[in-house]
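Hi,

Here is the structure I promised to pass on. Have a look, and my notes follow below.

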Number of protein chains: 2
Amino acid sequence: MSDSITKPRPISGFPEWLPAEQAAQDHWISIIREVFTSYGFAHIETPAVELTEVLSAKGVEQKEIYALTRLAAEDPEENRYSLHFDLTVPFARYVALHQGQLTFPFKRYQIQKVWRGERPAQGRFREFYQCDIDIVGIDKLPIDYDAEMLDAMGSLFTRLGIGDIVFRVNHRKLLDGFYANLGIKDDLRPAILTEVDKLEKIGRDGVQASLSSLGVDAQAIDRILNFASSTQEGHILSDHLKSFGIDDPTFNEGIDELCSIFNQVVPKDGIKLLWDGSITRGLNYYTGAVFETQLVGTESLGSICSGGRYDDLCGRFSKTRLPGVGISLGLSRLLSHLMGTESLDTLKRPSPTQIVMMGMDASQRKRDMTIAGKLRGNGWNVELLPAGKLKKGMSLANKRGAPYVIIPNEDGSFAWKDMIEGKQEDLDEASLLAKSPE
Amino acid sequence: MSDSITKPRPISGFPEWLPAEQAAQDHWISIIREVFTSYGFAHIETPAVELTEVLSAKGVEQKEIYALTRLAAEDPEENRYSLHFDLTVPFARYVALHQGQLTFPFKRYQIQKVWRGERPAQGRFREFYQCDIDIVGIDKLPIDYDAEMLDAMGSLFTRLGIGDIVFRVNHRKLLDGFYANLGIKDDLRPAILTEVDKLEKIGRDGVQASLSSLGVDAQAIDRILNFASSTQEGHILSDHLKSFGIDDPTFNEGIDELCSIFNQVVPKDGIKLLWDGSITRGLNYYTGAVFETQLVGTESLGSICSGGRYDDLCGRFSKTRLPGVGISLGLSRLLSHLMGTESLDTLKRPSPTQIVMMGMDASQRKRDMTIAGKLRGNGWNVELLPAGKLKKGMSLANKRGAPYVIIPNEDGSFAWKDMIEGKQEDLDEASLLAKSPE
């Protein structure tokens with residue numbers, strides 16, 4: 001082991017936390033689990049690795065997929081396996097593979113890391129956590145579950161307490177009906193949607209120019225941009241959408257479904273539900289409602305949580321039609337953005353230790369170990385120190401952020417120090433063991 | 001998305017669970033976290049990916065390391081990054097990198113997947129979970145922490161309730177002193193230890209033959225095999241070790257340290273602490289106590305939890321000497337071995353749902369959503385069904401394993417069905433909302 005010393009350095013795009021920040025992330029993840037579980041979503045975890053052929057479908061940026069090779073061996077399986085870049089494709093593969101053993105509608109949550117071979121940049125990671133919920137049915141899935149997505153994510157954001165949230169919702173049927181009504185051909189629509197999706201980034205003039213170069217006439221461009229620039233809250237949504245004067249059955253279906261979703265979601269403080277004509281979710285496979293989410297005041301972060309309704313989860317893997325609805329929270333991105341702020345700072349803990357117990361007398365070690373064990377059984381997190389200097393131990397207790405310290409006295413009693421209140425009392429063993437965390 | 005249909009298949013060596021088994025694994029992981037936390041170990045998580053140069057040190061099987069390449073791009077970073085194959089090397093890199101921001105002794109736990117490009121076989125995985133605890137100090141670390149390792153893992157096994165456990169403990173100083181006393185040269189020892197490590201697999205005769213071919217004389221072989229075949233519990237350990245008649249200062253240090261460890265560990269039902277002369281931990285970097293762990297009755301599984309004391313964690317990365325002690329539980333292997341057994345079966349849950357609430361009347365959707373939300377706030381996991389047939393809903397409630405069902409009545413009251421007791425009562429809204437999970 002006497003290699004020369006290589007000072008280690010972090011790898012750009014592969015973040016890691018110090019223990020205090022990790023404690024904040026763990027707290028978030030426990031809330032996310034709790035909220036998802038409270039809606040009856042079952043937890044699943046898929047391997048980080050899938051067959052490359054499963055991951056590389058049409059429309060996937062192959063450049064961003066990390067393939068595996070064994071480092072120093074003739075590897076007949078080179079590039080056969082790759083790391084997943086999202087949780088949707090593995091979920092589709094999981095459902096298709098285990099279909100006969102799952103109960104439908106199947107509600108699952110997944111909180112895992114995903115990997116993307118992107119060029120690293122501020123806030124763009126190559127390894128990061130996503131948190132997904134999806135509900136899939138066989139052949140059909142009631143619209144009520146679309147509302148449940150927004151309700152569940154609304155509950156989550158309320159619990160996380162990170163500020164005001166706007167769910168920006170649109171519907172593919174509105175878009176389809178709208179473009180059909182304009183007389184724009186089907187094969188031009190993806191290109192148009194891609195351009196409209198850039199409205200926030202490049203502005204109205206930019207989109208106008210690119211639509212024009214796609215051959216869309218000026219009047220149609222005007223209507224497209226008006227629609228895409230329009231937003232409306234739920235209570236008069238139906239009237240607002242009808243005011244666009246689109247006489248198209250698909251458009252009207254879109255209105256009905258969207259209003260049904262908006263009517264079901266229970267209002268929550270600080271959570272706004274907004275129809276937004278600019279939301280398209282690009283070229284994705286969505287067929288109904290589409291969702292994006294803005295954290296008010298940090299719009300530059302982009303959508304922190306996106307998803308929508310799809311017609312068929314497993315088309316590539318199974319003949320059974322499995323419609324569903326899902327939404328995905330970009331945990332690492334949001335968390336690292338908020339890490340310096342107050343809402344996260346209060347969750348940081350230098351260590352989980354609640355009691356530092358001093359080891360004053362080495363000959364009493366077994367007694368001390370026994371007492372520490374009993375306190376742990378009472379629910380305390382106890383760090384027992386080896387026999388040593390009291391001053392050094394107190395300094396460590398401070399660095400650990402421990403709210404209590406136990407100092408065994410020579411007479412067999414124990415000094416119980418409350419580090420926050422600055423109080424101290426002497427307790428016999430029975431009274432010490434009667435202490436339990438609030 | 002109209003690619004042809006590819007029926008998916010599992011990848012050998014990359015296990016995944018159905019939701020019921022996942023629930024059992026999650027329960028285990030929550031116990032593991034709780035026990036580690038109760039000893040004051042802070043949680044850290046390192047990226048799955050490290051620089052390849054960090055992972056490939058002397059003695060590492062490079063064949064087993066998975067390197068990353070971007071699938072479809074000129075990749076100037078090809079094979080520069082690799083997936084970690086254990087949690088010790090990333091931990092060493094982490095401590096060296098963040099040394100100035102950590103409090104020592106640094107106690108951390110890590111529960112993460114690791115990847116090894118092994119040929120897959122029964123019970124041998126290519127992606128699996130490890131759970132590690134380590135304590136490292138600067139320049140020195142008291143022997144008390146060696147005892148804490150065994151105490152913590154003992155508490156964990158007690159909580160997991162998987163049966164009787166034997167910690168098999170040996171000490172490198174005993175081995176060093178023993179071999180020095182035999183007059184065996186330093187450079188021959190690694191080869192001898194490697195052979196002795198095979199004692200359980202190939203038996204006494206096999207080891208005898210291979211030691212003989214290494215040039216060890218018959219009398220020494222006899223003493224080596226007697227020592228390696230000897231075991232002893234704590235209460236007369238010192239006398240037993242002295243009875244080997246080894247007059248060597250290092251051997252005597254080993255006796256003292258081992259007895260100090262054995263004396264500190266608090267006895268626990270079903271957990272045996274045994275000195276075992278055959279334990280060497282092969283060519284690993286340990287310098288003091290070494291640990292292996294046997295689940296009684298399933299010895300064929302090998303050691304389920306191993307570790308030991310080392311002189312310097314970060315030798316490759318830092319000039320500061322950081323001695324420590326650590327132990328690692330092979331979670332996936334143990335869990336998959338036990339998955340069919342009773343201790344795991346009782347932890348399986350088809351879903352987390354505790355209450356299935358029927359949606360009887362679509363026009364009452366918002367009321368039902370509100371009630372479901374309040375019950376969730378009370379701590380229940382509630383799955384609210386869309387309006388539909390009662391019979392279908394009851395069948396789903398059964399499949400979910402939900403202990404309670406709520407059926408909204410037409411008069412505004414709610415039928416509360418206890419699915420286990422087979423009882424039913426009608427409740428008004430206030431009484432319904434007063435229900436809370438035990």
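**Sheet first, then the dimer contact**

Strand E16 (residues 414-418) of chain A runs antiparallel to E17(A), and five bridges join the two; helices (H or I, at least four residues) and strands (E, at least two) are DSSP runs numbered from the N terminus. In E17(A), A:Leu427 is the bridge partner of A:Phe414. Before I go on: this is a predicted model, where local features need pLDDT of at least 70, side-chain atom pairs count only at pLDDT 80 or more, and totals for chains, interfaces and linings use all residues. Residues are numbered from 1 along each chain as its sequence is written, while chains are lettered from A and ligands numbered from 1 in the order in which they are written.

Those strands belong to an open, mixed sheet of five in chain A, ordered E14-E13-E15-E16-E17 (strands pair if DSSP finds at least two bridges between them). Its edges are E14 (382-387) and E17 (423-427), each pairing on one side only.

Now the two chains. Chain A puts 87 residues into the contact and chain B 86, with contact meaning C-beta atoms, placed from the backbone, within 7 Å. Since 99% of the interface residues of chain A are also interface residues in chain B, the copies meet through the same surface.

Strand E3 (residues 66-70) of chain A also runs antiparallel to E3 (residues 66-70) of chain B, with five bridges joining them. One of the pairs there is A:Arg70 with B:Tyr66.

Cheers

Note on methods. Contact = placed C-beta atoms within 7 Å.
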